[in-house]
Every structure is written in structure tokens, then in C-alpha cells.
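Take a slow walk along this chain. We will stop at a few places and look at each one closely.

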Amino acid sequence: MKIFAHTNRGFSLVEMAVVLVIVGLLIAGLALPLTAQIDMKHYNETQKELSDLREALIGYALSNTALDGKPHLPCPDTDLDGFENREATGLCTNIESDVPWATLGLGQSDNWSNAYRYRVTSAFANSTTGFTLSTPRDILILEKAGGNMLASNVPAVLLSKGKNGFGAGADEQENSDGDAIFVSHTPTNVAGNEFDDLVVWVPAAVLFNRMVTAGKLP
Ligand SMILES: [Ca+2]
Ligand SMILES: [Ca+2]
């Protein structure tokens with residue numbers, strides 16, 4: 001009886017150790033997918049907000065008329081108050097800066113608390129001379145730095161720098177260098193060229209179609 005009790009206690013200790021190991025494995029197994037799930041949730045919500053911002057840009061053009069009677073897009077916000085910054089000439093203070101979130105009535109930041117970026121073709125945001133169906137656009141979207149073209153002649157682009165912010169790779173740098181060329185592709189983890197930026201643009205065809213449908217153009 002005494003031997004049996006001793007054996008039983010030893011078995012319980014081993015059992016407890018096994019249970020602890022299993023619980024540890026379960027926690028580790030669950031924790032990783034949870035992190036990935038949260039990242040995915042933030043990514044999807046940011047994508048949705050960028051789509052809403054794109055709609056708001058088109059909405060702005062539908063309800064704002066330049067001095068010549070033509071529509072125009074908003075200017076970027078350059079002094080961090082959320083409202084667009086425009087010179088007395090009607091031209092933007094800067095054609096690439098933060099999204100004018102207060103002007104558009106939407107949120108300022110992506111899911112990682114960084115302000116959304118916005119670039120517009122200068123002639124499309126001019127409140128003296130608005131845009132027409134033949135106004136040239138100057139923004140180019142590539143599938144990778146130096147790669148094939150995804151879209152050209154784009155009037156305006158919106159951008160989130162993603163979870164890693166201003167990444168060091170060539171593709172992320174192309175989205176941070178202040179010029180009219182941007183890169184858009186799905187997130188990648190390639191060492192040295194990690195990419196998690198989200199890029200959404202306003203295609204000229206979509207913008208023009210909405211203006212014509214509403215009777216704002218031609
Ligand atoms: Ca990034
Ligand atoms: Ca660039």
C-alpha cells in the first residue's frame with residue numbers, strides 16, 4: 001500500500017510536468033497566429049480607410065469648384081492641422097504631404113498611428129483653374145522599384161507606410177523619396193527589401209467618370 005502510494009505520487013509529478021509542457025506549447029502555438037491575426041486586422045482596416053479616403057477625394061472634387069467653374073482636388077496638409085494648405089494663387093503649398101483628413105472629414109492616422117500621405121498632380125488641385133478631361137497627370141505606380149508599370153497618368157495617390165514605417169528596402173524607399181513614382185504590391189518579407197506599404201490611387205478614368213456622371217465635366 002505504501003509502495004503504491006509512493007508510485008502514484010511520482011506518476012502525478014511526471015503527469016504535471018507533461019501537462020505544463022503541453023500548456024506551454026499551446027500558449028506558444030496560439031501566440032504567433034494571434035500576432036499575425038492582429039497584423040492582418042490592422043492591415044485590412046488601413047486598406048479600408050484608404051479606400052474611404054479615395055472616395056472622399058472624389059467627393060471633394062464633386063463639391064468644390066475652381067474659379068473657372070471646373071472641379072479640383074484638395075491640397076495636402078502641410079502644417080499638421082488636418083486642413084489643406086493652398087497658396088493665394090490657388091496652387092498647393094506642397095503637392096505631397098499629409099492627407100487633409102479634417103478637410104475630408106476622415107481619420108488622420110493609419111492603424112500604426114502614422115499620418116496618411118497624399119500626393120496630387122498640381123494641375124488637379126488648382127482652385128483657380130480646375131481640371132478637365134484632358135489635363136495631364138504625372139503620377140506613376142510600379143509593381144516594384146524600377147519594375148513594370150501598374151498605372152500611369154494618375155492624378156492622385158494615398159499612402160500608408162505600414163507597420164514598419166519607412167522601410168529600408170528599394171521598394172519602400174521609392175514611396176518615401178518625395179517624387180511622383182510609387183510602388184504597390186502585396187507585403188513581402190524578403191531580407192533587405194521588406195515591404196508593407198499600402199498604396200491606393202485615384203484612377204483618372206474613375207475620377208472623370210464620376211465628374212461626367214454628376215454633370216461637373218466636360
Ligand atoms: Ca512600410
Ligand atoms: Ca517615389
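In which segment is Pro218 found? Pro218 sits in the segment after helix H4, which spans residues 204-213. Keep in mind that this is a predicted model. Leu217 and Pro218 are joined by a cis peptide bond. Its omega angle is about 5°.

Now go back to the loop between H1 and S1. Helix H1 covers residues 2-63, and strand S1 covers 96-98. In general, a disulfide is a covalent bond between the sulfur atoms of two cysteines. Here Cys75 is joined to Cys92, with an S to S distance of 2.1 Å. Both cysteines lie in the loop between H1 and S1, 17 residues apart. The count of disulfides comes to one. Which hand does this disulfide have? The torsion about the S-S bond of Cys75 and Cys92 is about -85°, so the disulfide is left-handed. Are the two cysteines buried or exposed? Cys75 is buried, and Cys92 is buried too.

Asp77 lies in the loop between H1 and S1 as well. Asp77 is buried, yet it has no salt bridge. Which side chain of opposite charge is nearest to Asp77? That is Arg117, and it is 9.0 Å away. A salt bridge needs the charged atoms within 4 Å. What does the side chain of Asp77 reach instead? Another is the backbone nitrogen of Asp81, at 3.4 Å. Leaving out residues up to four places away in sequence, Asp77 also touches a set of residues that includes Phe83, Asn85, Ser97 and Trp101.

Leu80 is found in the loop between H1 and S1. Leu80 has a positive phi of about 65°, although it is not a glycine. Leu80 is exposed, because its relative accessible area is 61% and the cut-off for exposed is over 50%. Asn153 also has a positive phi, near 55°, and is not a glycine either. Asn153 lies in strand S4, residues 149-154. Its relative accessible area is 41%, so Asn153 is partly exposed.

Next come the calcium ions. Start with ligand 1. Which residues give protein donors to this calcium ion? They are Lys161, Asn164, Gly165, Glu172, Asp196 and Asp197, with donor atoms 2.1 to 2.5 Å from the ion. Along the sequence, the donor residues are spaced K-x2-N-G-x6-E-x23-D-D. Lys161 lies in the loop between strand S5 (156-160) and helix H3 (170-174), and Asp197 in the loop between strand S6 (181-183) and strand S7 (198-202), so the pair ties together parts that are 36 residues apart in sequence. Lys161 is buried, at 5% relative accessibility. Asp197 is buried as well, at 2%.

Turn to the calcium ion that is ligand 2. Glu174, Asp177, Asp179 and Ile181 coordinate this ion at 2.0 to 2.4 Å. The donors of ligand 2 follow the spacing E-x2-D-x1-D-x1-I along the chain. Ile181 counts as partly exposed, at 26%.

Notes:
Residues are numbered from 1 along each chain as its sequence is written. Chains are lettered from A and ligands numbered from 1 in the order in which they are written. This is a predicted model: local features need pLDDT of at least 70, side-chain atom pairs count only at pLDDT 80 or more; totals for chains, interfaces and linings use all residues. Side-chain values use heavy atoms; hydrogens and water are left out. Donors are N, O and S atoms within 2.8 Å of the metal (3.2 Å for Na, K and Ca); water is not among the atoms, so sites may look incomplete. Buried means under 20% relative accessible area, exposed over 50%, partly exposed in between (1.4 Å probe, protein chains only). Helices (H or I, at least four residues) and strands (E, at least two) are DSSP runs, numbered from the N terminus. Lys and Arg count as positive and Asp and Glu as negative; His and the chain ends are not counted. A polar contact is a pair of N or O atoms within 3.5 Å; within protein, one must be able to donate a hydrogen and the other to accept it, and residues adjacent in sequence count only if both atoms are side-chain atoms. Contact means heavy atoms within 4.5 Å. A disulfide is a pair of cysteine sulfur atoms within 2.5 Å.
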